[in-house]
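Please look over the fold, the core and the charged pairs of this protein. A short report is wanted.

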Amino acid sequence: VDSPMSFDNQLLSGISVGSSAFIESFTDELVELKMLEMGVVPGEVAVVERLAPTGDPIAIRVSDSLIGIRKDGAGHIIVKKVN
């Protein structure tokens with residue numbers, strides 16, 4: 001069975017604060033639409049800037065924009081971590 005994730009890919013919700021990752025794809029159409037409307041497109045680099053004290057939502061920086069996204073939504077964004 002093919003999985004959308006290889007060992008190099010992971011979910012944005014699993015990236016730690018201060019880490020960067022390339023946006024690869026989306027697994028949910030609604031999340032994809034919302035992200036595309038904000039300029040978050042595959043190929044962009046996302047940096048996890050902050051976590052709320054409760055761990056949800058997270059703040060990511062894409063280009064010059066700081067975007068808040070719930071962990072549930074971030075769980076539908078496949079990324080490739082930047083080394």
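The report below goes from the overall fold to the core, then to the salt bridges and the surface.

**Fold and confidence**

This is a predicted model. The mean pLDDT of the protein is 88, and 89% of the residues reach at least 70. Among the elements, strand β2 (residues 20-26) has the highest mean pLDDT, at 95. Strand β1 (residues 9-11) has the lowest, at 89.

The protein contains two helices and six strands. Along the sequence they run β-β-α-β-β-β-α-β. The protein has 83 residues, and 29% of them count as buried. Contacts between residues 24 or more positions apart make up 56% of those with a separation of 6 or more.

**The nonpolar core**

In soluble globular proteins, nonpolar side chains tend to be buried together. Here the largest nonpolar core has 18 residues. Leu 12, Ile 23, Met 35, Ile 60, Ile 77 and Val 79 have the most contacts inside it. At least two residues of this core come from each of β2, α1 (29-37), β3, β4 (58-62), β5 (65-69) and β6 (77-81).

What does Ile 60 touch, leaving aside residues up to four places away in sequence? Its partners are Leu 12, Val 47, Val 48, Glu 49, Ser 65, Leu 66 and Ile 67.

**The loop between β1 and β2**

Val 17 sits in the loop between β1 and β2. Val 17 is partly exposed, at 45% relative accessible area. Not counting residues up to four places away in sequence, Val 17 touches Val 48, Glu 49, Arg 50 and Leu 51. The C-alpha atoms of Val 17 and Ile 58 are 8.9 Å apart. Along the chain, 41 residues separate these two.

**Salt bridges**

Side chains of opposite charge can pair when their charged atoms come close. The structure holds two salt bridges. One of them joins Arg 61 to Glu 49, with the closest N and O atoms 3.4 Å apart. Arg 61 belongs to strand β4 and Glu 49 to strand β3, so this pair ties together parts 12 residues apart in sequence.

| Residue | Relative accessible area | Class |
|---|---|---|
| Arg 61 | 30% | partly exposed |
| Glu 49 | 30% | partly exposed |
| Asp 56 | 29% | partly exposed |
| Arg 70 | 54% | exposed |

Arg 70 counts as exposed because its value of 54% is over the cut-off of 50%.

**Surface**

The protein exposes about 5100 Å². Carbon and sulfur atoms supply 51% of that area. Which residues form a nonpolar patch on the surface? They are Phe 22, Val 45 and Val 82, with about 200 Å² of accessible area together. Val 45 lies in strand β3 (residues 45-51). Val 45 is partly exposed, with a relative accessible area of 32%.

Note on methods
Residues numbered from 1 in each chain as written. Predicted model: local features only at pLDDT ≥ 70, side-chain atom pairs only at ≥ 80, totals over all residues. Heavy atoms only, no water. Patch = residues over 30% accessible without salt bridge, like charges linked within 9 Å, V, L, I, M, F, W, Y side chains within 5 Å. Areas by Shrake-Rupley, 256 points an atom, 1.4 Å probe, with all protein chains shown as cover. Salt bridge = Lys/Arg side-chain N within 4 Å of Asp/Glu carboxyl O. Helix = DSSP H or I, 4+ residues; strand = E, 2+ residues; numbered from the N terminus. Buried < 20%, exposed > 50% of the residue type's maximum accessible area, 1.4 Å probe, protein only. pLDDT = per-residue confidence, 0-100. Contact = heavy atoms within 4.5 Å. Core = buried A, V, L, I, M, F, W, Y, C linked by side-chain atoms within 4.5 Å.
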